[in-house]
Amino acid sequence: MRTETLDIKKVEKVAFILKAIGNPLRLSIVDLLSIYDDLAVNEISELLNAEQSLVSHCLSYLKLRGILDSRRDGKRIYYRLKLKEVLKVIECMENCDLDDL
């Protein structure tokens with residue numbers, strides 16, 4: 001049994017991250033970028049077997065919220081994780097036993 005309340009700043013940060021990645025495709029993108037240093041839109045689309053336009057929309061959403069960063073190399077834009085705290089949230093999800101839900 002817990003005896004202390006959660007730190008409000010931590011709660012707000014986690015809520016922000018969960019809201020930003022609270023979609024299966026966005027969560028999959030973040031998970032993929034936790035494995036690879038950076039990937040272009042077409043690479044992400046292929047790896048996730050998802051439509052490029054939908055992946056592009058999700059990438060823009062995540063970048064706008066500061067979760068991802070990007071760099072341009074010629075015509076290609078490569079995305080990478082910017083907010084590293086997202087990895088802690090994903091690690092927590094990986095360690096959760098959700099089989100009984």
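Analyst: Start with pairing: two strands pair if DSSP finds at least two bridges between them. The model is predicted. Three strands form an open sheet in the order 1-3-2, with antiparallel pairing.

User: What makes strand 1 and strand 2 edge strands?

Analyst: Strand 1 (39–40) and strand 2 (68–73) each have a single partner strand, so one side of each lacks a neighbour in the sheet.

User: How do you know that strand 1 and strand 3 pair?

Analyst: The cut-off is at least two bridges. Two bridges join strand 1 to strand 3 (residues 76–81). Therefore the two strands count as paired. L39 has Y79 of strand 3 as its bridge partner. Helix 4 (residues 52–64) packs on the sheet and touches strand 2 and strand 3. Its direction makes about 120 degrees with that of strand 2.

User: Why is S70 called buried?

Analyst: S70 is found in strand 2. Buried means under 20% relative accessible area. S70 has 17%, so the label holds. Leaving out residues up to four places away in sequence, S70 touches K63, I77, Y78, Y79 and R80.

User: What makes the S70 and K63 side-chain pair a polar contact?

Analyst: The limit for a pair of N or O atoms is within 3.5 Å. The side chains of S70 and K63 are joined at 2.7 Å, so the distance meets the limit.

User: Which elements give two or more residues to the lining of the largest pocket?

Analyst: The largest pocket holds about 260 Å³ of space. Its lining includes K10, V14, L18, E85, V89 and C96. Helix 1 (8–20) and helix 5 (85–95) are the elements that give two or more residues.

Key:
Residues numbered from 1 in each chain as written. Predicted model: local features only at pLDDT ≥ 70, side-chain atom pairs only at ≥ 80, totals over all residues. Heavy atoms only, no water. Helix = DSSP H or I, 4+ residues; strand = E, 2+ residues; numbered from the N terminus. Contact = heavy atoms within 4.5 Å. Axes fitted to C-alpha atoms, helices over the stretch in contact; angles between N-to-C directions. Buried < 20%, exposed > 50% of the residue type's maximum accessible area, 1.4 Å probe, protein only. Polar contact = N/O pair within 3.5 Å; in protein donor to acceptor, adjacent residues only side chain to side chain. 1 Å grid on protein atoms, 1.4 Å probe; cavity = no way out; pocket = protein on both sides within 12 Å on 5 of 7 lines; lining within 4 Å. Points joined across faces, edges and corners; volume = space filled by probe spheres on them.
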